[in-house]
Amino acid sequence: MSLSLKATTPETIEFDENILKIEWKDGVVSEFPLLELRKRCPCVVCKGGHGGKIGATTGGIKEAKLLSFSKVGRYAINLVWGDYHNTGIYSFDSLRLYWQGEPGDLGIP
Ligand SMILES: [Zn+2]
């Protein structure tokens with residue numbers, strides 16, 4: 001599936017204790033449960049090494065708190081978790097696809 005630039009560009013990004021909320025420039029609002037995002041962290045460590053699988057080491061995580069985030073260029077977001085884990089870079093393309101029901105790797109393709 002190909003997405004428009006508007007569909008993969010955030011207008012606003014906010015979070016609370018439970019969700020990360022992204023309003024996209026095409027007007028769609030996505031709400032991602034934090035625990036789900038934490039478990040699906042696309043970084044190499046959480047995948048259990050290069051070539052590992054999403055969720056390989058994060059299955060036992062019971063709660064996730066988000067401390068802060070920062071944008072990585074125009075294409076991704078870096079999340080800093082309550083346990084100071086901060087190596088996960090989630091691409092906007094994959095987050096939008098995930099929201100639309102295509103649960104793949106949330107990292108940079
Ligand atoms: Zn990670």
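Apart from its neighbours within four places in sequence, Pro33 is in contact with Asn18 and Ile19, where contact denotes C-beta atoms, placed from the backbone, that lie within 7 Å. The model is a predicted one: local features need pLDDT of at least 70, side-chain atom pairs count only at pLDDT 80 or more, and totals for chains, interfaces and linings use all residues. Residues are numbered from 1 along each chain as its sequence is written.

Pro33 belongs to strand β3 (residues 29-33); strands (E, at least two residues) and helices (H or I, at least four) are DSSP runs numbered from the N terminus. The C-alpha atom of Pro33 is separated by 9.9 Å from that of Asp16, 17 residues away along the chain. Pro33 is exposed because 12 other C-beta atoms lie within 10 Å.

The largest nonpolar core has 13 residues, and Ile77, Tyr90 and Leu95 have the most contacts inside it. Two or more residues of this core come from each of β2 (19-24), α1 (34-39), β5 and α2 (92-99). Such a core is a set of buried Ala, Val, Leu, Ile, Met, Phe, Trp, Tyr and Cys residues joined through C-beta atoms within 7 Å. Beyond its neighbours within four places in sequence, Tyr90 is in contact with residues including Ile77, Leu79, Leu95 and Leu106.

How values were computed. Buried ≥ 20, exposed ≤ 12 C-beta atoms within 10 Å, placed from the backbone. Contact = placed C-beta atoms within 7 Å.
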